[in-house]
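Please open the model in your viewer and keep the selection panel at hand. The stops below say what to select next and what is found there.

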Amino acid sequence: MLSIAVRLTRYAGWFALLASSGVIVVTIVWQSIDGFGAVDMPTARLRRLFVNTIWMSACATVMALGLAIPAAFALVQARREWQRQCLLVLTIIPLMTMPSVFAYAWLLLATSSHPLIQQLTRLVGWNSPGAEPFHAAWVLATWLWPIPALIMAVSFKHIGAATYRLACVDASAVRAFFFGALPVMRAPLIAACAIVFILAAIDSTVPPLMLSFDVWAVEMVAQAGMARHDARASAHLLLMEWPMLVMLALFVLSAMPGIRQMAAWADDVGAGDTGLNPKTASWVWGVALILVAAVTVFPIVVFVTTMASGRYPPAESFQRAFDAVRSQGSSTLIVMLAAAACALAVSLTVVDGPGWPRPLRIAGVIAVGLVLTTAVLPPPLIGTALISFYADENISPSDRWNLYENTPTVWVAAMLARFVFIPVCIMRLLNRRVPQDVVDQARADGASRIQSLACARLPMLWRSWLAGAMLVACLTLSEVVASELVQPPQWGGGSLAVQVDGFMHYGRHNQTIAMGMMMMAPAVPAAVLMLSLVGLPDRRRIIRAARDKKAL
Amino acid sequence: MVGIAVVIPPRRSWNWRRACAFALLCVVSTVCGCKKSPSDEPAAEQSVVIYCSVDTAFAKPILDDFERRKGIKVHARFDTEAGKTTGLVNKLLVERTSPRADVWWSSEIFGTLQLAREGILTAYRPGTAKDIPDRYKDADGLWTAFGLRGRVVAYDPKRTRPEDLPRRWADFTDPQYKGRFAMADPRFGTTRGHMATLLSLWGRDAMVRFHEGLRKNEFRRADGNSHAVLMLTRGVVDFVATDTDDVIVARRRGDSVAMIYPDMDSPDGERRVSGTLWIPCSVAMVKGASHPSAAEELIDHLVSRLIERKLYASDSKNVPVRPMLRAELDAIAVGESHVDYSAAAAVLEQSDKLVTDVLLR
């Protein structure tokens, strides 16, 4: 019974994968074969957008690294488990929060009428002319820093700790970390930087709020609107995007050595050294913790203080915010759950093993390739390609198969195309962590391929499997651009994130502040739940328990 | 299967069976949440699809109110700040053969005129629009306009002296405004219509000189009108071209912002056009609408006196087009210039080309 369920889920996963990433890639290629159309934008302007985007993304990457290093240091030097867990929750929260929330908090700060704040912003030159790209970069960094922080913390456990201990013999803890541990972790660090750069380059929600408009991603949103009447809309966008896509592909390639190194750690289940140095002064850890906490809770502090001085009392503001987003809430929740369910199914399709037939293993590799390809595509291109396919009358002529207008299918497909790479990569990497002898024993006892997957692999993977799907749900809640483009005309009330993002463009307003807090609230329980699911000690205990029993 | 039991980990509060149950719950709730197509619904007329480029903050309460009053479900699709109006106009154009929208509610009129010219709209003369002047109604009943917003220059009175203020739009090519002026992307929204209006008034050569002058003066491009005002309040620029509602919203939140109504004289001074452009919202029925009677009810509601009154009372403060209502509310469209909207709409594409080739080069 269980193996039938797993088999059916895998079939559903293939269907979902083809209906999202597959459709996008095929549509773009199909429309491009017919020609790209003409780009009606001067080359000089395209060049300017390109340069601005590189500049902003590079600054965001450096700033994110600046925030991530102390966070990673605090993570690896936490003396107690609760300290580590608290820090991990604070680190995960920004990733689960809508980036516009951070941008809006900084916007409120920059336009504050409080004399002290005005003096401070003047002092640091926040509102000086031409600083807008730096503002956007900084906000992107405050959203994306957890990626390098977590990668660095994991890298430290596997390759940095030994060097760090040696360096600590004749150097201070901080010096040993910076000049001993960090250099040996350069491959994973480069991968982390590449990921941050890519995400910063394709984000089109933060730069407009920080008044930095001349960047590629923002222009592509506008172009997606103008290309709607074009029969080859996605090909047209692809033509405008290609320099950016080539650059992003180069960044993906540069990240590969680091990703391969991290994948190799998945084989090494016994590895992992906390690298805890008892000589590290507690104030160093404390300072790092304060920095991490300050960055994470900054929006809440700004929201609460601004709301307290606003025109409407907080209770009324929350009521008005709730009234404004009520109709969007239910449809967004359905899409979140659907995207999570599909992500579970898709990520199960990529799990294979040494004994599996070659065609299935090749199909798994193709599936990973598909999801990685669409993961780096900018959201306007994803939305445009999906609309081109699903709303085209030649493809979906009858009401019965009209998936775009009356169902959330296309919306879910867009979310999958954007975020399913997370659970897919998690499952792909952790699958290697499952001890092969356990699976071999199951096969030797007569279990089929699917039975061994259901009864030997899944019990060791389900926590990460769920955590990946939950991350997809959280990111779906925050997604703006693709959600706006593919919103079904006759289904539901639209996207919550689109609505909140729309309100944020009006500047300071208590109702919008309340909306921002409502969008940030789910990140806290989600981060706690995620940690409870993927806490490393638990998983290691399970694997060790399995090995011990096998040895017996 | 005997040996498999060995590897099952110690039980905890969650297990993998619960994970499967969770996945099943996700699937079931999604399936339950998916509605059938309207053609399957017993009361197919009880919903209406509206494409709306009016700002969500102003339009949504009005549409929610209509839902409550009439019991008709409104599926509203709004435009992004960046793609204001143009995105939805293009969407309507591409859906020409199988329209998905029933009603089109635009924050301006030029896109609506373009749609009327393209044959996307169908005639409907709302009964509630009888007291709207003919200038704001299509002779063939294809659209009805109401609720004016003016194109203004916003500035910070604390930073800018009165003698530094421009008198006409063309003054922004003057070197004294170099690096101090911003406006929303002129390929979208009311700024697009504004540029087309100036082109229709001044002619191509004068417009090219104006665009070149703005470019030389390093004008700053914003994502939308509200962003342009944010650029002003943040001190990035000293003057922004925007709509009256964005200035009023900024004032209500306590920002130091004032506005003036520049004349639309041509740069060389040959063509004198006193006053600024006031742009009405517009409503129309889409040809081939799936829910015509619900669409008619919604249009009747939107162009009614009640909505004009509500829009004037809101932060948007749209000035009514009904003379009686204007007098009653003591509302004035300051410096209103009576331009020919159709002439401007006729050169929209030409204006877009000039903007792309000269201004945004």
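Predicted model: local features only at pLDDT ≥ 70, side-chain atom pairs only at ≥ 80, totals over all residues.

Residues are numbered from 1 along each chain as its sequence is written, and chains are lettered from A and ligands numbered from 1 in the order in which they are written.

**Stop 1: a strand in chain B**

Select residues 276–286 of chain B, which form strand β10; strands (E, at least two residues) and helices (H or I, at least four) are DSSP runs numbered from the N terminus. Because 11 of its 11 residues are buried, this strand is largely enclosed by the rest of the structure, where buried means that 20 or more other C-beta atoms, placed from the backbone, lie within 10 Å of the residue's own, against 12 or fewer for exposed, with partly exposed in between.

Strand β5 (residues 144–155) of chain B makes six antiparallel bridges with β10(B), with B:A145 facing B:S282 as its bridge partner. Strand β11 (residues 336–337) of chain B, by contrast, pairs with β10(B) in the parallel sense over two bridges, and B:E336 in β11(B) stands opposite B:T276.

**Stop 2: the domains of chain B**

Colour chain B by its domain assignment (bounds of this kind come from an automatic or database assignment): domain 1 covers 45–148 + 279–333 and domain 2 covers 149–277 + 351–359. Their C-alpha centres are 26 Å apart, and 16 residues of domain 1 are in contact with 20 residues of domain 2, a contact being a pair whose C-beta atoms, placed from the backbone, lie within 7 Å. Chain B as a whole has 13 helices and 11 strands, and 52% of its 361 residues count as buried.

**Stop 3: the domains of chain A**

Next select domain 1 (1–35 + 314–552) and domain 2 (43–224 + 231–262 + 282–306) of chain A, whose C-alpha centres lie 24 Å apart. Each of these two domains of chain A brings 37 residues to the contact. On the domain 1 side, the helices that each supply at least two residues include α1 (2–33) and α21 (449–478) of chain A.

Then pick helix α11 (residues 216–226) of chain A, which is mostly covered, with 11 of its 11 residues buried; among them are A:W216, A:E219 and A:Q223.

**Stop 4: the core**

Finish with the largest nonpolar core, of 316 residues, in which A:A339, A:L386, A:L416, B:I50 and B:V103 touch the most other members; such a core is a set of buried Ala, Val, Leu, Ile, Met, Phe, Trp, Tyr and Cys residues joined through C-beta atoms within 7 Å. The helix α21(A) gives the most to this core, with 19 residues. Centre the view on A:A339 and, leaving aside residues up to four places away in sequence, look for its contacts A:V412, A:M415, A:L416, A:V472, A:A473 and A:T476.

Methods:
Pairing = 2+ DSSP bridges.
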